[in-house]
Amino acid sequence: MTIFKIFKGDICSLAVDAIVNAANNSLLGGGGVDGAIHRAAGPALLDYCRDLDGCETGDAKLSPSFLLPANYVIHTVGPIWRGGYENEAALLASCYQRCVELARQQGIQSLAFPAISCGVYAYPHEVATRIAIDALSASIASSGNRNTIEEITLVAYSDQMLAHWQAALTFSRSEY
Ligand code: ADP
């Protein structure tokens, strides 16, 4: 069974097995949560990421966490919101699915996600959080008895995002 939790604050402070980074295609750092993770992990993370050779939108790659309290960072690249006409929903769902897949392959038990694409990539927050919960639930369900993830923390960096995560979780529970 996997428990969903919500945490308001800096994802870099979490001592979970892996934190997810909302990165860009280069994986060479950026603003928002990406900048915060690179600052907290130290310059060795950037050196490591240079050898990862970038990341496609909707895909994910794993790295060590260097100075962070978590053990790993899973870098994923969310879609830029372009009005919903560019396959954004499937790409966003794919980010969450690929992160769960990589986490499972690594035997990870606790995983924390920021609200992927909800910053400079401007995905509408209410829809993005619902897609996230649906994709995570579906990935875990399809893992069956190969699932290793016991706890997923959804991280909000603002009160507004906190409300969206809470609403999305409540909505998904009311569906069953
Ligand atoms: P994207 O480019 O995918 O939109 P951003 O980093 O701009 O990524 O934003 C993604 C989400 O992460 C936003 O909701 C933003 O407020 C949030 N965020 C920014 N910094 C942090 C942090 N240190 N910890 C957790 N969430 C953060």
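**The sheet and its surroundings**

In this predicted model, six strands make up an open sheet of mixed pairing, ordered β1-β6-β5-β2-β4-β3. The edge positions are taken by β1 (3-8) and β3 (60-64); each has a single partner strand, so one side of each is left without a neighbour in the sheet. From one strand to the next, the twist averages 25°.

Strands of a sheet pair through backbone hydrogen bonds, in either a parallel or an antiparallel manner. The pairing of β1 with β6 (residues 151-156) is parallel and comprises six bridges. Within this pairing, phenylalanine 4 has isoleucine 152 of β6 as its bridge partner. Helix α4 (residues 125-143) packs on the sheet, where it touches β1, β5 (110-113) and β6. The direction of α4 makes about 170° with that of β6.

The loop that leads from β1 to β2 (18-22) contains glycine 9. Leaving aside residues up to four places away in sequence, glycine 9 touches Val155, Ala156 and Tyr157.

**A helix pair**

How do α1 and α2 cross? The axes of helix α1 (residues 32-41) and helix α2 (residues 43-50) come within 5 Å, and the crossing angle is roughly 115°. Angles of 65 to 115 degrees count as roughly perpendicular, and α1 is therefore roughly perpendicular to α2. On the α1 side, the contact involves Ile37, His38 and Ala41, which meet Leu45, Leu46 and Cys49 of α2. Classified by residue type, this contact of α1 with α2 has five nonpolar residues, one polar residue and no charged residues.

**The largest pocket**

Rolling a probe the size of a water molecule over the atoms shows where empty space is left. The volume of the largest pocket is about 600 Å³. Its lining consists of 29 residues, and those nearest the centre are Ala22, Gly32, Val33, Ala115 and Gly119. The elements that give two or more residues to this lining are α1, β6 and α5 (159-174). By class, the lining residues divide into 15 nonpolar, eleven polar and three charged.

Notes
Residues numbered from 1 in each chain as written. Predicted model: local features only at pLDDT ≥ 70, side-chain atom pairs only at ≥ 80, totals over all residues. Heavy atoms only, no water. Pairing = 2+ DSSP bridges. Helix = DSSP H or I, 4+ residues; strand = E, 2+ residues; numbered from the N terminus. Axes fitted to C-alpha atoms, helices over the stretch in contact; angles between N-to-C directions. Contact = heavy atoms within 4.5 Å. Parallel < 35°, antiparallel > 145°, perpendicular 65-115°, else oblique. Nonpolar A, V, L, I, M, F, W, Y, C, P; charged D, E, K, R; others polar. 1 Å grid on protein atoms, 1.4 Å probe; cavity = no way out; pocket = protein on both sides within 12 Å on 5 of 7 lines; lining within 4 Å. Points joined across faces, edges and corners; volume = space filled by probe spheres on them.
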